[in-house]
Amino acid sequence: MAEAMESSGDGGTAAPRPLFAGLSDISISQDIPIEGEITIPMRSHIREFDSSTLNESVQNTIMRDLKAVGKKFMHVLYPRKSNTLLRDWDLWGPLFLCVTLALMLQRGSADSEKDGGPQFAEVFVIVWFGAVTITLNSKLLGGNISFFQSLCVLGYCILPLTVAMLICRLVLLAEPGPVNFMVRLFVVILMFAWSIIASTAFLADSQPPNRKALAVYPVFLFYFVISWMILTFTPQ
Amino acid sequence: MAATAAPAGGAQNGTGPEWGGFEENIQSGGSAVIDMENMDDTSGSSFEDMGELHQRLREEEVDADAAAAEEEDGEFLGMKGFKGQLSRQVADQMWQAGKRQASRAFSLYANIDILRPYFDVEPAQVRSRLLESMIPIKMVNFPQKIAGELYGPLMLVFTLVAILLHGMKTSDTIIREGTLMGTAIGTCFGYWLGVSSFIYFLAYLCNAQITMLQMLALLGYGLFGHCIVLFITYNIHLHALFYLFWLLVGGLSTLRMVAVLVSRTVGPTQRLLLCGTLAALHMLFLLYLHFAYHKVVEGILDTLEGPNIPPMQRVPRDIPAAFPAARLSATMLNATAKAGAVTLQSH
């Protein structure tokens, strides 16, 4: 009986196969590096992946995520028509950018006249609810982009405006004057245009061709509001 | 033999990492009894068969590794197999039921496809409707057509919010209990939704043929005039210019809305009530938006009242010294405002 159990046990279970054997069936072009497995719905693979990433050191995990975020930053800074941002979306980058922007837009709160507190919440709420609204709008117009993909793209395209905020902060350290204002205006307008071009490059393909303008206009409004907040920021 | 082998195989297949905690709870004392039950229990075979099928469908490669890991625990396999299978079945059924309920609730409440037909527009249509919202039509004997879409009105409300924010920032409005953005959004959306509902209610009382969607669309497109006026006058701070635009542009868009409503209402009293209310609210809203968030008022305050705050204002404001450019315009504005205050005082 023991031998019967063992033999049938062996027959019932498959012979041990290499760990990631099934992954070769999935067709992904090799030239674009992939981070994350969002598009693959096979649970067993994901469980295997999780247990292998659970055992690695924290530094490995952080470095891997940071590299993925950095790669997407590069894609935003040099926008081409690619769908890397769309395929492996993540929200780390948008969160980091939003928090940085909100912290830098915070005024000193010691002053009783000008309340510095709401600035952080304001920026946060504007960014995230604005992105949600734009996503809903583009879905209602007939776009075939998923909710989080759109949030990911819109969040990452705030990067030029965050850079503009940094530059404005540096410029404000110099003496105030109309030249100061003109420099900041020029920088903010340039970064605003860059943000719009970057987000259009990623989002345009997902819309029906004759309605691109309808989907891009709210994006324009969104980045306009953020640019306006950056331009009118004066540290007290 | 098959019955005993099957649970063993099933146990090897099924005891993946997630039921590891469950296995530890089983006491070793009762192992002999449970083994006997497992061997003789024929009703358990259906569970085992289902469990077998279940696992074979879902977990093929991982089983090999799990089985290799489980080979060491020889004697407890049968007992773990039975209890593990049952609990796994129950948990799986609960998961399926929960998932079905959640997806049903989600598709019922979070279905944005309800709104999809109202966003079915082309850019050319939006452009033509924007232009038409400024052109009052004289034909009031025949009910005029109102396009029932929500994209244009929604975008116009957001544009108004952006322009308002621009105006508030320029005038350094301080809101103590909220945020600038919250106030702007609240004002614009509150006006659009609130006044639409109110006029719809009045239209219901006056037997006008208009639906809520049409009213929302009509009022939304009527905000196009407001956007134009505010955009120009928040940047060029001339009092007379604002009044001119208020009458001209605001008046045109109001006339258009009034004409549409008149064409859909019967009876002079009803027409007067409905259109008078709409015209008054629309024009007064533009006046409010201009004066509540504008620098000129500070000059008037300083001239008329000194440190007292008149009831129309929300919070006290200082003349901003933030931009050097603003300092120049502030002095110019104060001169204009003083002239305006003098004319106002004379009325």
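Counting rings of Phe, Tyr and Trp (its six-membered ring) as a pair if their centres lie within 6.5 Å, the count comes to 15 aromatic pairs over all chains. One of them joins A:Phe120 and A:Phe124, with ring centres 5.6 Å apart and planes at 20 degrees, so this pair is stacked. The naming goes by the angle between the planes: under 30 degrees is stacked, over 60 is edge-to-face, and the rest are tilted.

Before going further, a word on what you are looking at: this is a predicted model, in which local features need pLDDT of at least 70, side-chain atom pairs count only at pLDDT 80 or more, and totals for chains, interfaces and linings use all residues. Residues are numbered from 1 along each chain as its sequence is written, chains are lettered from A and ligands numbered from 1 in the order in which they are written, and side-chain values use heavy atoms, with hydrogens and water left out.

A:Phe120 and A:Phe124 are four residues apart in helix α6 (residues 118-140) of chain A, a separation of about one helical turn. An α-helix has 3.6 residues a turn, so residues three or four places apart point the same way. Burial here follows relative accessible area (1.4 Å probe, protein chains only): under 20% is buried, over 50% is exposed, and anything in between is partly exposed. By that scale A:Phe120, at 28%, is partly exposed, and A:Phe124 is partly exposed too, at 26%.

What does A:Val99 touch, leaving out residues up to four places away in sequence? Taking contact as heavy atoms within 4.5 Å, A:Val99 meets A:Phe120 and A:Phe124. A:Val99 sits in helix α5 (residues 92-104) of chain A and is partly exposed at 27% relative accessibility. Along the chain A:Val99 and A:Phe124 are 25 residues apart, yet their C-alpha atoms are separated by 7.2 Å.

Now step back to chain A as a whole. Chain A has 10 helices and zero strands, where helices (H or I, at least four residues) and strands (E, at least two) are DSSP runs numbered from the N terminus. Of its 236 residues, 42% are buried. Among contacts in chain A with a separation of 6 or more, 72% are between residues 24 or more positions apart. Chain A exposes about 12,400 Å², and carbon and sulfur atoms supply 69% of that area; the areas come from the Shrake-Rupley method with a 1.4 Å probe, and for residues only the protein chains shown count as cover.

An unreviewed UniProt entry lists residues 91-108, 120-141, 147-174, 181-203 and 215-234 of chain A as "transmembrane region". Such annotations may be inferred rather than shown by experiment; the positions are in the numbering used here, and feature names are shortened. In the model, residues 181-203 of chain A are 100% helix, with end C-alpha atoms 32 Å apart. Residues 215-234 of chain A are 85% helix, and their end C-alpha atoms also lie 32 Å apart.

Helix α7 (residues 147-156) of chain A has eight of its 10 residues buried, so it is largely enclosed by the rest of the structure. Among these buried residues is A:Leu154, which is also one of the residues touched by A:Tyr223. A:Tyr223 and A:Ile226 have the most contacts inside the largest nonpolar core, which has 114 residues. Such a core is a set of buried Ala, Val, Leu, Ile, Met, Phe, Trp, Tyr and Cys residues joined through side-chain atoms within 4.5 Å. A:Ser195 is buried, with a relative accessible area of 0%, and beyond its neighbours within four places in sequence it contacts A:Cys157, A:Pro160, A:Leu161 and A:Tyr223.

In helix α7 (residues 123-132) of chain B, the buried residues are B:Pro123, B:Val126, B:Arg129 and B:Leu130. They cover an arc of only 130 degrees around the axis, which puts them on the same side of α7(B); the arc is that of the directions from the helix axis to the C-beta atoms.

Aromatic residues return in chain B, where B:Phe242, B:Tyr243, B:Trp246 and B:Phe291 form one aromatic cluster. B:Phe189 and B:Trp192 both lie in helix α9 (residues 180-205) of chain B, three residues apart. B:Phe189 is buried at 19% relative accessible area, and B:Trp192 is buried at 4%.
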